[in-house]
Every structure is written in C-alpha cells, then in structure tokens.
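I opened the file to look up a few side-chain and packing details. My notes follow in the order I checked them.

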Amino acid sequence: MLLPESTAAEIQAKIREFQDSNPFLPIHQIITSLIREEILTCRLEPSAKMNEEHWAKRCAVSRTTIRKAFDTLGEEGWLEKEGHGVRVSRLIRDDYRDLMDFRAALEPAVCRLAARSCGREDLKRIETFARNSDTRDMVALYSADTSFHQAVFIAARNPYLLQAYEQVRAKLDRGKLYGVEDFGDAFREVYQSHMAIYEAIRDRDEELAERLGAQHVKMMTDSKIIRRIN
C-alpha cells in the first residue's frame, strides 16, 4: 500500500517540531529522519528517483544539507546510486524471504519465552494490539500487527532477541506495508492468529505459544505480500 507522499508544508511542520523539541539537533539529521520515515512508510515508492533540488525546496534547506541526508541514508541502505542519480532502495523478494526465514527461526521461540516470562502489563499490551488487528483498515491493521509482534518480543524479556529483532524490524515492516493491501482479504485470519497467540501466552502454555508462533509466520510467508515484491 503506497501512502500519499507528505506535502512540503507537512514536512516543514515536522522540521519545526524536531527543532522545538531539540534545538541542538543538526538540520541534516532532522532531514535524514524525515526522509527515512517517508521511505519506511512507503510514502516514497521503492525505486523512486530522489532529486536534491526537489527535496531542498520541500524542506526549505540547502542542497548541501540534502546531500548529507542522502549520503547517510545511502550508508544505511535506504537509498542507492543509479548512474549519476539516487533512488529509493528496491524491495527484493529473495531478501524479504531471508527476513521471513529469520522470523521463522526466531519468533516461535520468542512466543515460548513470552509465555514463560511475561508480566501483567505485557499481557495488556499484547491483548490490546491483538484486538486492534480486528479491522479491515489496512493502515490500522499494519500498525496493530507491527505493535503486536514488538510487544511479544518485549514480553519475552530477552535483550539479545529484542536487539536482533530491532535490527531488521524496519525492513520487515516496510515490506509488510508495501504489500498489505493484498493481504486485506485475510485480515480475519490475522486477528484470530494474534488472539490465539495472546491466549496461549496468557495461559502460560509455552508449547502451544511456540507452535502458534510458527504457524503465524508461515501464514505470512505464504501470503500475497511476498508475491507482490519483485
């Protein structure tokens, strides 16, 4: 699902918010954060061409500032060179499959640990996000799904697993949002899967939580999302 690109007025308002909250933050870091957000939320389509002059006008900053932001985003892998220009990095199916294999190896164990270690507040968060996924609104479904999985990782109370997840979460979420409109016909299945995982964690049933976690990742791997990614 491609969201509308933020307007120049919206971007400049966000810049002012950053500056008000932290007046010592360098402007190129603010711009980097804002463009990164446009990429991760698919407001900037994969392979979209990036123009320094265009972004300098939108952000009301110099081209030098934009160039610094582009360089940082290139180092992070969100932008890539194309001839003499720059474009938004592509979503590559094999890379996304590798990420899903990562999920398949990690998340079932995380669900098991969450059933063993979660506290009352953890359960409240997991239940809230599970119930929020009962929606046909694709943006709301994406948000609830992302928050649900993050809450389960937090509930597992293992900093190494959480760190591993956080390192790839942005790429996972970008691919998920890009293909989420094709997954809308199965929103009920997502909701039911989330609720089943929540209930297994709530009941401290480690084996069931692990099995349901594996089934959920397989469901996502077999979905149309991956087929939409080139």
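This is a predicted model: local features need pLDDT of at least 70, side-chain atom pairs count only at pLDDT 80 or more; totals for chains, interfaces and linings use all residues.

I started with C111. I find C111 buried, at a relative accessible area of 5% (buried is under 20%, exposed over 50%, partly exposed in between, with a 1.4 Å probe and protein chains only).

Residues are numbered from 1 along each chain as its sequence is written, and side-chain values use heavy atoms, with hydrogens and water left out.

I then turned to C59. C59 is buried too, with a relative accessible area of 4%. Its sulfur lies 19 Å from the closest cysteine sulfur, in C42, again too far for a bond. My count of disulfides in the structure is zero (the cut-off is a pair of cysteine sulfur atoms within 2.5 Å).

Next, aromatic rings. I get one aromatic pair. It is formed by F153 and Y165, whose ring centres are 4.1 Å apart with planes at 15°, so I log the pair as stacked. The criteria: rings of Phe, Tyr and Trp (its six-membered ring) pair with centres within 6.5 Å; planes under 30 degrees apart are stacked, over 60 edge-to-face, the rest tilted. The pair links distant parts of the chain, 12 residues apart: F153 sits in helix α7 (residues 138–155) and Y165 in helix α8 (residues 159–179). Helices (H or I, at least four residues) and strands (E, at least two) are DSSP runs numbered from the N terminus. F153 is buried at 2% relative accessible area, and Y165 is buried at 4%.

I also checked for a charge over a ring (NZ of Lys or CZ of Arg within 6 Å of the ring centre and within 35 degrees of the ring normal). R58 lies over the face of W55, 4.6 Å from the ring centre.

Last, the loop between β3 (85–88) and α5 (93–117). S89 is found there. I note S89 as buried, with a relative accessible area of 6%. What is the C-alpha to C-alpha distance between S89 and L73? The two are 9.8 Å apart in space and 16 residues apart in sequence.
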